[in-house]
Structures are given as C-alpha cells and as structure tokens.
Amino acid sequence: MKFSEAWLREWVNPPVSTEELADQLSMAGLEVDSVAPVAGRFEGVVVGEVVTKEPHPNADKLSLCRVDVGQGEALQIICGALNVAAGQKVPVAVVGARLPGDFKIKKAKLRGVESRGMICSAAELGLADSSSGIMPLPQDAPVGTDIREFLGLDDQAIDVDLTPDRGDCLGLTGIAREVGVINRCPVTPPVAEPVAATHQDTFPIRVEAPDACPRYVCRIIRGIDPAAESPLWLQERLRRSDLRSISPVVDVTNYVMLELGQPMHGFDLRQLQGEIQVRMATDGEKLAMLDGTELELRSDTLVIADAGKVVAIAGVMGGEHSGVADDTIDILLESAFFAPTVIIGKARSYGLHTDASHRFERGVDPQLQVQAMERATRLLLEIVGGEPGPLVERASEAHIRQCPEILLRRARVARVLGLTIEDSTIADILNRLDMRVEAVAEGWRVTAPSCRFDISIEEDLIEEVGRIYGYTEIPTHRSAAATVMQSRPEVAFDLGRARQVLVDRDYQEVITYSFISLEMHDLMDPRHATVELANPISSDMSIMRTSLWPGLLQTVVYNQARQQGRIRIFESGLRFIKEDDEIKQDSMLAGLVTGRVSPEQWGAGARAVDFFDLKGDMEAVLALTGRPGNFSFVPDRHVSLHPGQAARIQRDGDNVGWIGMLNPEIEKKLGLSSGAFLFEIRLDEKLTGCLPAYQPLSRYPSIRRDIAVVVDEAVPFSRLSDLVRQAAPDTLKDILLFDVYTGSNIDSGLKSLALGLILQETSHTLTDEEVDGIVKCILQVLKQELNAQLRD
C-alpha cells in the first residue's frame, strides 16, 4: 500500500516527523518498505500563463509564445509541444532554474530567435516517465506561484508492506486509524453524505451465489460528461500511489479504493443486456479481455454476467465489454463484497494480478459497500456531472461473517504481555481501533469492527493492545529454566564439517528454491512421482523438487550467461518424493563443477575438470565417516548422467547416491557452454561413521615394492585393490596407483596399471624373502581372479 504523506495528514496529523511516522508504523506491525520524494529535485519553476502563441518564423514545428510568469513583462519562450495554446496555465522554468538531472535553464537562441525559459512537461519535472506534450495546469492556478508549492510536491510517498492478515490497512482509512491510535490523536475522515436520486431508473440484479457474494450494491448514473477530465489533485494522488490516471470514472473508482479499501467498477450501461447476474461460471465459458485475448473459465470462478455474456471475473478484472469508453454517457457503478475464500488464488490461476484481487483475497469490510458507493457518486457528480439513480442493494446477512464478542481479561493481558497496563489505557486503545467495548468485572467484552478478519480470540486482542502500547515498553525478563543438553551421536555424519570440506576445496554454497518446473523435473528425474503445488508462484515453480540437481543446473545457466566459466557449487537441503499417498522428505547434499579445474594462472596449464576431480572431492567428504574404504563407486546408468561416466555411490552394497557427468543431451537443451559433473548423496544412517581407535605405530621400517600388471581394460582399480588387500591383509599398509598406460606394447583391450605396494610388519623388519613371497602371492591372486600378467 503506497500513499502520500500529505494525504494521510489531511486525515490525521500527529506532531511527528516523516521518519518518526515511518518508524511508528513499522513498530506497530505495518512495515514501511520505503519513503521517497513524490517528485525529483528542481527549483525555479513557476506557474505561467500563455498570453499569445505564434508560429516560429524559421521553423514549422516550433511556436513562439509570450508567457506571463508574474514578473511584469511577459517572457518570450519557444516551445515545440503541439498541445500548447494561448490562455493555458503551464509550468515554466525561468532562466536560472534547475530541473531534475541538474539541467540548468539558460538564455538560448533557437533558429535565430531568443528563448528565455522553457514550458515544461510532466516528464521534464520528474512527475511522469514520459509525456506527449506540456503539462496543462488548472485555470485557477495563480500566476507566478512556485510550482512545488502549488502542487504540494514537498511530500513523501510511503510504501507499506502489509502482511496478509491486515487487509483493513489496504486503504487510507486503515492507515489513518493506526496512526491515530498510536499517537492518541483524532482522525477526521471525509464525510460521505448520501446522494439523493434524481431519477428512479434501476438495473435488475440477480445474485445466484449469495455465499460467494453476500452483498452487491449498484447505481445508475445518467448523462455524465464524456469530455470531462480528472482534476489535477486527483491525478496527483493516484500518481503518488503508483496508479496511472485513465479517465474520470476509472480514476474515481481507483481513488475510492485507495481511500476506503473498497474496489469498485464502472460499467458502460449500453453494453449490458437484461440484468446483472452474480453467479459461478460454467466450464469452458469464455471471457473476452481488454487486450483481445479470451479466457476459458472454470466452474469454480465467480463471475459478473448479463443476460447474454460474462462481463467480468468477480473481484479480479473486467472484460472487454465491461469498462467505460470515451463516449460513455450512462454508467452502472458497482460496489460489492466477495468472500475471500472464493477469490483467493483465482487471479493467479488465470495469470492475472490486480489491485482489486489483492484486496478481496485478504478481505474487504463487508459493511463498506454503501459508504463507498456514496463517496464515489459524490466525486463523480463533482467531476463529470450526471444524474444519479436510487441505490440498489442485494444482501444475504446469513452469509456475512458476524464479528464475535470476545471476553478480554485484564489478568490474561498482564500474564501474556508480562506487565500491567491501566484499564483506561486498554479501553482507549480498543476504542480508537473502532472496537465496541463493554466493561465487565473481569475486564471487557469486545467486538471487533467488521474490517478486522484477523481478530477472533482473546490473544488477538492482547496482541493489539501490546503493539499499540509499544513493544519497546514491555520489560525484558530473563526466564530461569533447566537447560536440557541435546545429545548427538558422536558417530553421526557432520553436515557442517562436510560443507566446510567443500568450501576448503574451492566450492561455493548456494541456496535454491525447493520449487521447480514440471519440464525441468521430467528432464532430470522422470522416474520419481512429483508433489504438485495447488497455488504455485509461477508455472516455473509448480512442483516440489525430487533432486537438488535442477536448482544447481539453473544456477550454472544463470552464471554462465554472465561470463562465469569456472563454477564449483554445492547445496544441502530436502528433496520431496511422493510414494503412494505419502510425501517422503530426504536430506541431501549435492554438488556441481564445470569449467577449469583451477583458476587461470601462469604456473599451471589450463585443464578442464573431469570425473576423477569430482570423485576426489566426494571421497574427501566420505572420509569424514572414518571409513572411506567402505565406500565404492559402481559404474551404472542414470537418466541425467553420461552413459559412460556415471556411477552409484555405495557403502557395503547399499546405495548412498550418484556421481557422474551430465548427460550431453540435457547439457545441449540447457545451453551449457562446457561439460558439468554432479554428485548427490542422501544424508541418512548409511553415512554413520565410527569412533577412532588407538593403534600403535610400528617401530620397524616399511618397504615399497613397485609392480606393473596388465589386465582387461574394463577392470576397475577398486576391484584390483580389493584383491591385493585380500592377498596380504596383515602386511599391506597402502596401495598407490601411480601410472595407467595403454598404447604400444600393450594389446588392444588391455591396460597396464603400475602399483606401489607399501609393506610393513609390527614385530620385525621384513626381509627380501618375505617381501618376494608376499608379492608372489599377490600376483597369483590377481592372475587367478583377473588373469592379470606381470608386465616386464
């Protein structure tokens, strides 16, 4: 909700500065997002009157104007605007003036003729993004008056970010009420006197869905002036609330919405046939929109229709045949209350969002419609004239929420807030909040106003008293309670340490949305059933993720589009998998690398990251369990990974996660510029570690013996390593793979693996004979199991 401070101070004017006012609103729960000037900085601009307008002697598109600015002699000013005319009042920047952007006005010659100032447009004064001509002023504007003073531009626009439960403050009425009670000062809203009918014409109304529309009010106004324009004060108040002036009827309905919080609509009476029907749509029913498109409606959508067609989605937006036109003379003015439960989500489901839907979704005061109709009628008669008809109301009181009567106990207030507040102060706060208060022995019987949908229990009233009294006035009490130590198994996987390991290895942690598009899910993880959102933020965020990979890949796409080639990122979070009627949530840790293996430098050549670089990072994380040897990487196929560079991560045969290179087809569809490698592991009991145990160091030297064996090219090193350890379980301390060779002198389909065997005994120094025997045993096992040959 954005509004002008000057407009607010017409209703309630506390003796506080703008900054103090903003702080008060924020501390009362109405968070102020911004406070900004309503106009750019400029000076030296005054009201002028165009005395004469003549063609420029040397330029067809320029005019030579003489303008009275109250300085005695009229100024000669050259103007290129088409809408300038003699007799107009206009803003004039005199010589020496400074306009927004620090543009200084000087004497100048245009096509040989002197110009002593500039007639300004709204855009040139920073009052609009663009303008098609100069800015005409009302004829009663006093010549020579500073334009900032005349338009009241020394004003601030305050933008308040309201929570969904405070729909009552989506109008200046609610904001003024809050400011009044905070500062204990009176609020003086404008009086909306009933307008007497000057004819008896009415339009038939039929409400077929009273539960969805408990109150519908309308009135015919005939003979409005289609040539009339909205007065400057009205245009300015709309502009300062970020609304564009369109036409008097639309501007007045928008103004009343800002003032009272009641959305309204003006129908062109000649476009309506037979009667107004407030009903639910039928499946497949069409509504023509203002942009020429057609919406296909659903049966759960409340609509406004006439005898032949749908003319609007109730509480959201009117259709092509609903609004007033440039030649409209007779209008039907509508003011209605629509149940929030019927309107919630409807605008978004059709790809729309309007000021009206924003208010109806949060709840509009169900007793406000007649007042809003009278206020709008009065304003329209002043601006466009016309003859109002009688007010027609259709109401179903049985479907309108009745405000509950709540017992507020003074003892309960003291207990919840932690301090005792005087009875008179509590009663004053509640009365100023427009609540009906009756004193009883225990405290008060309170009935909240109809605009407060958020007040239903005693604690709601206590919250109101607390926030108005001031949270800063509530004393701080340090409670005394026994501290319960939360035990955590020492062998549990430490996610914090794992994150730090990845950061130490040059990764950046990211946080992505848990929502992804259905297309991204089908691309990355079609094997898992999805959890669809009933009310998604957008179509790109319509389902819950079943893997962390889609978010990481979207992060990579975003960064590569901004010339970031080397990316190393990880994320920890939940994935959501639907199994039968249950939603399974798993804690996951995932990472992605792409680009160079290290930053560009002079001391090392450029090399792209590969599978084994990522595998090394993954092994460093798994080593935190204390049993890195229990994990294995088993080649397998995954729909998201390269068929030849994908592996399951297993611990003692149980699946822990996946690692591999992104499938080239997916890489191409996403438009990635280089190969990406990913891992993802599930954080559960399979990552449970073990406690360290003391083992004395051997006092005897170790011996290294190098061998090179030739095996089938498909044999993984892990298989070879397991067999070597089985052949010498007590003596072998470590195995080093220091060379892999394929090429000349090696038959096709074979490879040579060079191993460094570290041998050591705890009771004596190994002899050459013992070492030779161990190596011979290892070679025999390798030959028997893998048909391995010792390479000469």
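User: Which backbone atom does the side chain of Gln-88 reach at 3.0 Å, and how should I read such a pairing?

Analyst: The side chain of Gln-88 reaches the backbone nitrogen of Ala-85, at 3.0 Å. This is read as a polar contact, meaning a pair of N or O atoms within 3.5 Å in which, within protein, one must be able to donate a hydrogen and the other to accept it, while residues adjacent in sequence count only if both atoms are side-chain atoms. A polar atom of the Gln-88 side chain also lies 3.0 Å from the backbone oxygen of Asn-83. The model is a predicted one, in which local features need pLDDT of at least 70 and side-chain atom pairs count only at pLDDT 80 or more, whereas totals for chains, interfaces and linings use all residues. Residues are numbered from 1 along each chain as its sequence is written, and side-chain values use heavy atoms, with hydrogens and water left out.

User: Where does Gln-88 lie, and is Gln-88 buried or exposed?

Analyst: Helices (H or I, at least four residues) and strands (E, at least two) are DSSP runs numbered from the N terminus, and Gln-88 lies in the loop between strand E5 (75–79) and strand E6 (89–99). Buried means under 20% relative accessible area, exposed over 50% and partly exposed in between, with a 1.4 Å probe and protein chains only; Gln-88, with a relative accessible area of 15%, is therefore buried. A contact means heavy atoms within 4.5 Å, and Gln-88 touches Gly-48, Glu-49, Val-50, Asn-83, Ile-134, Pro-136 and Gln-139, not counting residues up to four places away in sequence.

User: Which side chain makes a polar contact with that of Gln-277, and what surrounds Gln-277?

Analyst: The partner is the side chain of Glu-275, at 3.0 Å. Gln-277 is found in strand E15 (residues 276–280) and counts as buried because its relative accessibility is 10%. Once neighbours within four places in sequence are left aside, Gln-277 is in contact with Arg-206, Glu-208, Val-303, Ile-304, Ala-305, Asp-306 and Ala-307.

User: What joins the side chains of Glu-285 and Arg-279?

Analyst: A polar contact of 2.8 Å joins them. Glu-285 is found in the loop between E15 and strand E16 (286–288), and its relative accessibility of 17% is why it counts as buried. Not counting residues up to four places away in sequence, Glu-285 touches Arg-279, Leu-295, Glu-296, Leu-297 and Val-310. The C-alpha atoms of Glu-285 and Glu-296, eleven residues apart along the chain, are separated by 5.8 Å.

User: Which residues of helix H9 are buried, and what covers them?

Analyst: In helix H9 (residues 355–362), Ala-356, Ser-357, Arg-359, Phe-360 and Glu-361 are buried. Their cover includes helix H6 (248–260), strand E21 (331–337), helix H7 (340–343) and helix H8 (346–349). Just after H9, Gly-363 takes a positive phi of about 110°.

User: Where is Cys-777 found?

Analyst: Cys-777 is found in helix H20 (residues 768–786) and is partly exposed, with a relative accessible area of 31%. The C-alpha atoms of Cys-777 and Ala-728, 49 residues apart along the chain, are separated by 7.9 Å.

User: How many helices and strands are there in the chain, and is the chain spread out or compact?

Analyst: The chain has 20 helices and 39 strands. Its radius of gyration (taken over C-alpha atoms) is 38 Å, well over the 28 Å that the globule rule gives for 792 residues, so the chain is more spread out than a compact globule; that rule is 2.2 Å times the number of residues to the power 0.38. Along its principal axes the C-alpha trace spans about 120 × 85 × 60 Å. Of the 792 residues, 47% count as buried. Among contacts with a separation of 6 or more, 69% are between residues 24 or more positions apart.
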